[in-house]
Amino acid sequence: MTGDAETTNNRTRPDQFGGPGGALALTILMPTITFYLWSAVAQHGGSLWLPGSLAELLAMIPAPTWEAAAMFTGWLGLQALLYVVVPGRVVQGRRTAHGEQAEYRLNGLVAFGLTMALLVAGIAADIVSPAAVLAQLGPLLTISVVFAFAGAALTYAAGRRRAHLERSSGVGIYDFYMGAMLNPRVGRHDVKFFFESRIGMGTWGLFAILMPAAELQAHGSLSTAMLVVSLCQLFYIFEFFVFESNLLATLDIIEENLGFMLWFAFLAWMPFNFTLQQQYVLEARPELSVVAAAAIIIFNFAGYYVFRDSNLQKLRFRRDPRRPIWGEVPVAMETARGSKLLLSGWWGLARHANYMGDLMMALAWCMACGSGSLVPYFYFFYFAPLLLNRERRDHAMCQRKYGADWDRYCEKVPYRIVPFVY
């Protein structure tokens, strides 16, 4: 999610997201926004609302329950158990400047498949009630937020004890938010990877099955909108686990410290905000014609094709620089560092065409919910600025890394995300 910060004696400049002030604001805003959006669907029928009093504002924070605590603990424990015991390829991460390497167990596809099979079997046998689980959605959100704050405090404290081995700014609130430790581990296992893959993506997948199951349980049929959103999202999540090893090359894993930003993203932002479409459809049941559904599905998978094909082009080029792209030998630009910058395929059209594909999918999921509320469109409204910011930060990182070579590359590939537009 971020560029490679400049360091002096392991100190980074606190200049991301507005510095310490921005970090403090986001530490408050991220939970507030998430509680508000949950409340908009669960307490206000999917409508945006303005609190009339402090009591009404506090009412949007659901009280935790013992049932939710048991669900949260059981889910976390099940995913940790599957991560450790399910067979899978074990790989070493990139070595840090101090010679440390994190370990990653790539068994996510099997673990996710087993989890979803257990869930579906439990629902079919009336052991798991989707309605009962979703009745605890608010309390589960509160527990997730509390866990995110606790996790961030623990990794901040651990990072301060290892300050000579970690990159941090030395500014308390900024390091609490951005993180003071790159690869916290339990034994040999990288905590950041586990929570992003198994808890962030896995819980999103859990809800993506529970919500259509709850609609089927309540109404005896699935709405077209629920079917479209759930199938598109489940395909996206399944596909993530198919290519789980790609996560190891992302900036989240190789550059970002594990602070409140990522703790909250994995535990609350992804599972609860990324399922707002299903939450809204379950509440409002908007109409969606078959023609509109077909158009949305085509648009979604067109976005998926751009997203996946562009990422695969880059991955294959790294492995074999002469492997054809779109039927031709790839063209690349040599750099003073000795590495090459790809100028063929999607990467010759825009420097981050994969982001365009991601945004197309995000918009498709939102459009399936119709125009009755802005709440289910939050994912796109949040995701577009996030990717724009990520592209800018990646641009700054590459400019520092490649210098004049990057400027020449940008002249050859002038568009950032959308070819011939931006």
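Is F301 buried, exposed or partly exposed? F301 is partly exposed, at a relative accessible area of 31%. Here, buried means under 20% relative accessible area, exposed means over 50%, and partly exposed lies in between (1.4 Å probe, protein chains only).

## About the model

This is a predicted model, in which local features need pLDDT of at least 70 and side-chain atom pairs count only at pLDDT 80 or more, while totals for chains, interfaces and linings use all residues. Residues are numbered from 1 along each chain as its sequence is written, and side-chain values use heavy atoms, leaving out hydrogens and water.

The structure holds 41 aromatic pairs, and F301 and Y304 form an edge-to-face one, with 6.4 Å from centre to centre and 75° between the planes. Rings of Phe, Tyr and Trp (its six-membered ring) pair if their centres lie within 6.5 Å; planes under 30 degrees apart count as stacked, over 60 as edge-to-face and the rest as tilted.

Because F301 and Y304 are three residues apart in helix α13 (residues 290-319), about one helical turn separates them. Y304 counts as buried, at 17% relative accessibility. Helices (H or I, at least four residues) and strands (E, at least two) are DSSP runs, numbered from the N terminus.

## Helices α3 and α8

Now look at helix α3 (residues 66-85) and helix α8 (residues 191-219), which pack at an angle of about 125° with their axes 11 Å apart. That makes α3 oblique to α8. Axes are lines fitted to C-alpha atoms, for helices over the stretch in contact, and angles run from 0 to 180 degrees between N-to-C directions. Under 35 degrees is roughly parallel, over 145 roughly antiparallel, 65 to 115 roughly perpendicular, and the rest oblique.

On the α3 side, W75, L76, Q79, A80 and Y83 meet residues of α8, including F193, R198 and L206. Contact means heavy atoms within 4.5 Å.

## Helices α4 and α9

Helix α4 (residues 108-124) and helix α9 (residues 224-242) pack at about 140°, and their axes are 7 Å apart. G108, L109 and F112 of α4 make the contact with I237, F238, F241 and V242 of α9.

## A loop residue

Finally, find V331 in the loop between α13 and β7 (332-334). V331 is partly exposed, with a relative accessible area of 48%. Leaving aside residues up to four places away in sequence, V331 touches L341, L342, L343 and S344. V331 and L342 are 11 residues apart in sequence and 6.4 Å apart in space, C-alpha to C-alpha.
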